[in-house]
Amino acid sequence: MFTKDRIAKVLAGSAAAALLTCGASASHADEIIKLGLSIPLSGAAANWGKGSEWLCNAAAKEVADAGGVKVGGKVYNYKCVAYDNKYNAAEGTKVAQTLLNRDGIRFIGGSLGTAPVKALQSLSEREGALHFTTAWGSSIKGPKFPLTFTIMNTVNEISFPLTRYVKEANPSIKTVSLLNPNDATGQETEALARKAWTAAGVQVISSDWYDRGTTEFQPIASKMAAAKADVIDLASTPPADSGVVFKELKVLGWKGVQAVQVGTGAEGIIATGGAAVDGTYMGAAMVFDSALTTPKQKKLNDAAKAAIGESLNSVQISFYDSVMALKAAMEASQSIDPKLVAAALPTVKFESFYGVASGFGGKDVYGTPQQILIPVIVTQIKNGKLTEVRRIVSEEMKQRK
Amino acid sequence: MQTALQLLFTALQIGSIYILFSLGLTLIFGVMKIVNFAHGQFFTLSALLVSVLVPWFAHHDVPLLPAYLLAAVIAVAVSVALGMLTYQFGFRFFQRDLSGSFILSIGLVLLLEGAYLHYFGGAVRTVPPIIAGDVSILGVTLTSQRLLLGLAAIVATGALYWILMVTQFGKAMRAVAIDHEAAMLQGIPFKRIAFQGFAVATLLGAVAGALLAPISVISPTLGADYLIKGFIAVIIGGLGSVPGAIIGSLFIALVESIGGFYFDPSIANLTIFILVMLVLMVRPHGLLGNR
């Protein structure tokens, strides 16, 4: 029987339980650290942004499942907050204002695109926010920017070992033609690619530019084919565009060594280039079905593929690594003060997506240790499949081990 | 000589798709006196649908060519239906209203691009080659597929030209484009012609998208590049002028082809904008535009 007393007891119990739950939630909410993301979520680069956000969330969940970030007797968890920078400086500025001034975020878990990243950096350094970025430009690093950390291999790390490897594998090559998108990323890549090929003993005979969003590549393919270079390096050209260029080059009868120095993923280039991209070398792509692939990498990639429709690329992977690096630095410094965490970052080691103990270095190159230390993975497309042909570990990384 | 021929053929191939695209833009302006920036979205939808349907049909054992034709028919039909919806619930109320239609069409661009991104995903899509192999014409190598699709675009353009010049509907559209009030006084049903004109324009954009799908990389933002080029072509040729759109499209394709070869695509694009400025300084209404 439901007596009045019993109903009253049940109600009182329920109220007490509800209050306790609310209290627990409130204390849980106090321990959330927001990680701001400035990424493209619309336009041609939207999938890069979507994958980046997905991996940030996956890493945050992994941290939470492992017991959170333990600092000063408290447990913190991460929450990724993403805004669309549309891959341009104007939107990047708006995102910077929103993240840092409106939301009061003090940790940027990742930013994508040199132009919007520069816009964000100008504010994050002033506001004392720690900023992880995937932007390749070396101009964003150095003693002037103590709170900025690059979380993926950039052209500086990739270009020289990759060109050296391609020259070793194809000793007869003597000339190269370059193609890059005409923006900050392309311009910085071109300058370094030029130096790297020259250092490898290969002469750069032409270097061309195109605007992102271009859909017709026949004219530039005709020009590059006419130059008759031994190598065509599409450097920072996105994978899908690269596939189209190589396809047009094959129709025009050009035969030679193909490279996309900072090619980040194989699916786009294979989808658009088909058989024409066979043999292409890339310096920033990741293979997910080799003997070296770990079960964790495979699991994350399969889940990401189901969510975003394509395999993860090295840009997106960086958003996982930034979360792991931040956790390690917070626990090492026992602080959530961005400046103290930044000071601890060069001293910590953490397990990156690549399955190795990573850290930050590059002081000799950039003046301060702000560059993630991970291996350069040289890949080649063989019979329509991406294969790893060499894993190059830098001297600094070897010394760290 | 061979280089010149290669560049000419390249220009014709690129130009054939630009023509189809810009004809739709100019037709809408001619009849309704509005600039439809959402035109590229119908084009994109058609290409996206082809890229989804061809592999689906192929997976269900339909041979590639029939699969493509079937996919193209469905894609064009769906795109035209979407165009009609936007007309019925939007553009119909903004005829001869440049600023109103501008805001509406920009809003539609954002809405539809977001929807495509959500439903089709951001990953690039491709259509398997419908016709394999290359052909050599006067020493210039072209893919059979590009050649055939270029020819299809030329046939579609020819058909439109014939409709406009010979049929009663075409004549009515031209009359409305010249002076809609005078046309109405002659008994031409303006509203019906505007509706049908919008439908034909959307059809052209959708056909261009379906034709382009097998030779291009398809993404939800595909229409943006074509919209800019198509719009420039229409400005150069003269807003509302059908021959102007054809000339403008070929002009842009030639600059792109020659500029891209002798300089680079970035400079070719810059040259296009400079030439547009020069044309507008000399002929503010375009090469064949009317006041």
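Student: Why is Arg390(A) called partly exposed?
Tutor: This is a predicted model, so the value is computed from predicted atoms. Arg390(A) has a relative accessible area of 36%. Buried means under 20% and exposed means over 50%, with partly exposed in between. The value of 36% therefore makes Arg390(A) partly exposed.

Student: What makes Glu168(A) and Arg390(A) a salt bridge?
Tutor: The closest N and O atoms are 3.4 Å apart. The cut-off is 4 Å, so the pair counts. The two residues come from distant parts of the chain, 222 residues apart. Glu168(A) sits in helix α5 (residues 155-169) of chain A, and Arg390(A) in strand β17 (residues 385-392) of chain A.

Student: Which strand pairs with β17(A)?
Tutor: β16(A) does, in the antiparallel sense, over 7 bridges. Pairing needs at least two bridges, so these strands qualify. Across the two, Lys382(A) stands opposite Lys385(A) in β17(A).

Student: What is noted about the phi of Asn383(A)?
Tutor: Phi is positive there, about 50 degrees, and Asn383(A) is not a glycine. Most residues other than glycine have a negative phi. Asn383(A) lies in the loop between β16 (376-382) and β17 of chain A. Its relative accessible area is 73%. Exposed means over 50%, so Asn383(A) is exposed.

Student: Where is Lys228(A) found, and what is its phi near?
Tutor: Lys228(A) is in the loop between α7 (218-227) and β9 (231-233) of chain A. Its phi is near 55 degrees, a positive value in a residue other than glycine. Its relative accessible area is 66%. That is over 50%, so Lys228(A) is exposed.

Student: How do you know that Asp65(A) and Lys61(A) form a salt bridge?
Tutor: Their side chains meet at 2.9 Å, N to O. That is within 4 Å, so the pair counts. Both residues lie in helix α2 (residues 46-65) of chain A, 4 residues apart, about one turn of the helix.

Student: Which salt bridge crosses between chains?
Tutor: One of them joins Glu248(A) and Arg146(B), at 3.2 Å, N to O. Glu248(A) is in helix α8 (residues 239-251) of chain A, and Arg146(B) is in helix α5 (residues 144-166) of chain B. Glu216(A), Glu248(A) and Arg146(B) are linked in a network of salt bridges. Over all chains, the structure holds 21 salt bridges.

Student: Why are Glu248(A) and Arg146(B) called buried?
Tutor: Glu248(A) has a relative accessible area of 11%, and Arg146(B) has 8%. Buried means under 20%, so Glu248(A) is buried. Arg146(B) is buried by that cut-off as well.

Student: What is in the largest nonpolar core?
Tutor: It has 88 residues. Those with the most contacts inside it include Leu23(B), Leu27(B) and Phe43(B). α1(B) gives the most to this core, with 14 residues. Another core lies apart from it, with 78 residues, among them Trp48(A) and Met286(A).

Student: What is Leu23(B) in contact with?
Tutor: Leaving aside neighbours within four places in sequence, Leu23(B) is in contact with residues including Thr157(B), Leu204(B) and Ile246(B).

Student: What makes the nonpolar surface patch?
Tutor: Residues of chain B make it, among them Leu8(B), Leu250(B) and Phe263(B). The patch covers about 700 Å². α1 (2-32) and α10 (242-262) of chain B each supply at least two residues. α10(B) gives the most, with 4 residues.

Student: Why is Leu250(B) called partly exposed?
Tutor: Leu250(B) lies in helix α10 of chain B. Its relative accessible area is 30%. That falls between the 20% and 50% cut-offs, so Leu250(B) is partly exposed.

Key. Residues are numbered from 1 along each chain as its sequence is written. Chains are lettered from A and ligands numbered from 1 in the order in which they are written. This is a predicted model: local features need pLDDT of at least 70, side-chain atom pairs count only at pLDDT 80 or more; totals for chains, interfaces and linings use all residues. Side-chain values use heavy atoms; hydrogens and water are left out. Patches are made of residues with over 30% relative accessible area and no salt bridge: like charges are joined within 9 Å, nonpolar side chains (Val, Leu, Ile, Met, Phe, Trp, Tyr) within 5 Å. Accessible areas come from the Shrake-Rupley method with a 1.4 Å probe; for residues, only the protein chains shown count as cover. Buried means under 20% relative accessible area, exposed over 50%, partly exposed in between (1.4 Å probe, protein chains only). A nonpolar core is a set of buried Ala, Val, Leu, Ile, Met, Phe, Trp, Tyr and Cys residues joined through side-chain atoms within 4.5 Å. Contact means heavy atoms within 4.5 Å.
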